[in-house]
Amino acid sequence: MKKREYISEFIKKQKTAFIGSVDEDGFPNIKAMFTPRKIEGNCFYFSTNTSSMRSQQFMKNPKASIYFYNRGRFKYEGIMLTGTVEVLQDADIKREIWQTGDTMYYAQGVTDPDYCVLKFTAVKGRHYCNLKTESFELL
């Protein structure tokens, strides 16, 4: 299995994603989120609130990272990807990743102005497993 396929399959199995943004003072900020709603090549799509601190930070500075891990009883594995985030308000992508139950977060439904999509585009990453770390490029 190729690295890109392995990464995608590993990420699909996780329940939580950690996403990092940069605040106005240049410090990293980390937040736990649900895993991506869609993965397409190097692009990962997350749903979130337009008004959230994270969305506002990405609008000012698109640099980002995402991290996924699996902590087993005897094995820890993690994948970190770095790249950029676009805050999307495109109706088509919003409809595509919309899920039943999202009205709990966005009362006005898929057209709620406080509903947006974070499109993370990875350029490189690091994979940790079995006490070994490997860096890789995704371009």
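This is a predicted model: local features need pLDDT of at least 70, side-chain atom pairs count only at pLDDT 80 or more; totals for chains, interfaces and linings use all residues.
Strand E5, which spans residues 63-71, pairs with strand E6, residues 76-88, in the antiparallel sense, and 9 bridges link the two. Between E5 and E6 lie 4 residues, and the two strands form a hairpin. Within this pairing, lysine 63 is placed opposite threonine 84 of E6. E6 is also joined to E7 by 12 bridges, again with the strands running antiparallel. Here glutamate 86 faces lysine 119 in E7.

Once neighbours within four places in sequence are set aside, the contacts of cysteine 129 are Lys75, Tyr76 and Glu77. One of these residues, lysine 75, is 54 residues away from cysteine 129 in sequence, yet the C-alpha to C-alpha separation is 7.6 Å.

Helix H1 is made up of residues 3-12, and its buried residues are Ile7, Ser8, Phe10 and Ile11. These four lie on the same side of H1, because the arc they cover around the axis is only 165°. The packing partners of the buried H1 residues are E5 and E6, together with strand E3 (38-40), strand E4 (43-49) and strand E8 (132-137).

Strand E4 brings in another residue of interest, threonine 48, which lies in that strand. Its relative accessibility is 5%, so threonine 48 counts as buried. Leaving out residues up to four places away in sequence, threonine 48 touches Lys31, Met33, Ser55 and Tyr106, as well as Asp114, Tyr115, Cys116 and Leu118.

Turning to the surface, a nonpolar patch is formed by Phe34, Met104 and Tyr105, whose accessible area together is about 400 Å². Methionine 104 sits in the loop that runs between helix H3 (91-97) and E7.

Technical notes. Residues are numbered from 1 along each chain as its sequence is written. Side-chain values use heavy atoms; hydrogens and water are left out. Contact means heavy atoms within 4.5 Å. Two strands pair if DSSP finds at least two bridges between them. Buried means under 20% relative accessible area, exposed over 50%, partly exposed in between (1.4 Å probe, protein chains only). The arc is that of the directions from the helix axis to the C-beta atoms. Patches are made of residues with over 30% relative accessible area and no salt bridge: like charges are joined within 9 Å, nonpolar side chains (Val, Leu, Ile, Met, Phe, Trp, Tyr) within 5 Å. Accessible areas come from the Shrake-Rupley method with a 1.4 Å probe; for residues, only the protein chains shown count as cover. A salt bridge is a side-chain nitrogen of Lys or Arg within 4 Å of a carboxyl oxygen of Asp or Glu.
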